[in-house]
Amino acid sequence: MAPRQTKSLRGLNLRKSTSATPMASTQEQEDTKPILTAVVAPDLHPPYQVDPDGDIILFTPKTPLIDISKGNVPGNYARFQVSSKHLALASAYFKRLLKDCWAEGSALSKKGSVEIPVNDCKPDILLVLLNLIHGRSRQVPLKLTLPQLSDIAVATDFFQCNEVVEVFAGIWIQALESLVPSSFSQDMKIWMMISCVFRSHSVIFQKTTKIAIQQATGPFDTSNLPIPNSIKDKIDQCRQKGIEKFELMIKEHISRLLKGPAQCSESCDAAHLGLTLGKLIRRKISCLIDTAHLFESGPALSVTVDIRESSPAIIYTMIKQWETISDCHRSGLCSNKMNPFGGDGKRRADRIYCSLNGLTWDAKAKT
């Protein structure tokens, strides 16, 4: 039976672990020590024995990011001796892989042991997961960097071993929670992914999805992180609803200036129409005014505004700060200056923007 090609993990991007600072306490040094500390003979390549009686060797095909000079696993492969029973019990991925219908499972059944490559998973990340899977919690660090936590979340999702990681994930997340950003960024996506994988921090999930809904300038790009399509689709749906409501506000404003009745005076309305269109053009917002369709009562006016490449936050700020300067003789009484979107315009914009809340797990379940 031909071996099955092993899938690669998506989005794995681990930076090297940092050791404890010289002045750190003994406990802090223990918490922040490098994850992989196996000492082996310098000229041999034995596996790191997560389970000395294990019947599987997992190995990473690529050169690991490990400091060989400090006695860690040497050479081009990091190898780990592990138990098939532990893997199959904790990981749905390995449970499937070790069935007799696959080459790996067939070899294990016939020979009693098998070596399996784990593509794209760095050794220190893999070792954390294997220690958790085998109940070796004392070997698991209590502190991680955000890149490390991100990589563990990606690997956890790939191996489908969420349950054995959840307790430590809560500890790691709590230590780093102050780093959750308030603006749209790659780190925001990483935190959203972490909250999706571990499902234990609804506040982070709600905050990051709210940022995505309000601040994304187009369809949400997951950057190849394991964020479920149902989450991405819900973010895009909520953002689009806000965009459509803001588009309607702008179209109604332009239509009032075009069709009347006069908001201020005919000349003032005309001046403000030109200023409005210029404002939209400078913000790269396309606007189409169509009077091609004629009816008995006259031309039917159609206004189209496209703000799909803008974020709701940008449009909301623009509407709230909307001000056009013209030489209207009415000055302080000019309704175009005081209330360009109507008497309730800014309050209406507030209501639209405040309705763009983050998602909850209940909301996801309904998608």
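The model is predicted, so local features need pLDDT of at least 70 and side-chain atom pairs count only at pLDDT 80 or more, while totals for chains, interfaces and linings use all residues. Residues are numbered from 1 along each chain as its sequence is written, and side-chain values use heavy atoms, with hydrogens and water left out.

**Threonines**

- Thr 156 is part of helix H6, residues 146-159 (helices are DSSP runs of H or I with at least four residues, numbered from the N terminus).
- The relative accessible area of Thr 156 is 0%, so Thr 156 is buried (buried is under 20% relative accessible area, exposed over 50% and partly exposed in between, with a 1.4 Å probe and protein chains only).
- Beyond its neighbours within four places in sequence, Thr 156 is in contact with Leu 129, Cys 161, Asn 162, Val 165, Val 197 and Phe 198 (contact means heavy atoms within 4.5 Å).
- Thr 222 sits in the loop between helix H9 (202-215) and helix H10 (229-259).
- Thr 222 counts as buried because its relative accessibility is 15%.
- With neighbours within four places in sequence set aside, Thr 222 is in contact with Lys 189, Ile 227 and Lys 232.

**Cysteines**

- The structure has zero disulfides (a disulfide is a pair of cysteine sulfur atoms within 2.5 Å).
- Cys 161 is buried at 1% relative accessibility, and its sulfur is 9.5 Å from the closest cysteine sulfur, that of Cys 121, which is too far for a bond.
- Cys 101 is exposed, because its relative accessible area is 52%.

**Helix H12 and its packing**

- Helix H12 spans residues 312-320, and its buried residues are Pro 312, Ala 313, Ile 315, Tyr 316, Met 318 and Ile 319.
- Those buried residues pack against H9, H10, helix H11 (266-282) and helix H14 (345-354).
- The axes of H12 and H14 come within 10 Å and cross at roughly 165° (axes are lines fitted to C-alpha atoms, for helices over the stretch in contact, with angles from 0 to 180 degrees between N-to-C directions).
- H12 and H14 are therefore roughly antiparallel to each other (the term applies to angles over 145 degrees).
- On the H12 side, Pro 312, Ala 313, Tyr 316, Ile 319 and Lys 320 make the contact, and on the H14 side Lys 346, Ala 349, Asp 350 and Tyr 353 do.
- The residues of this contact divide into six nonpolar, no polar and three charged (Ala, Val, Leu, Ile, Met, Phe, Trp, Tyr, Cys and Pro count as nonpolar, Asp, Glu, Lys and Arg as charged, and the others, Gly among them, as polar).

Key
Helices (H or I, at least four residues) and strands (E, at least two) are DSSP runs, numbered from the N terminus. Angles under 35 degrees count as roughly parallel, over 145 as roughly antiparallel, 65 to 115 as roughly perpendicular and the rest as oblique.
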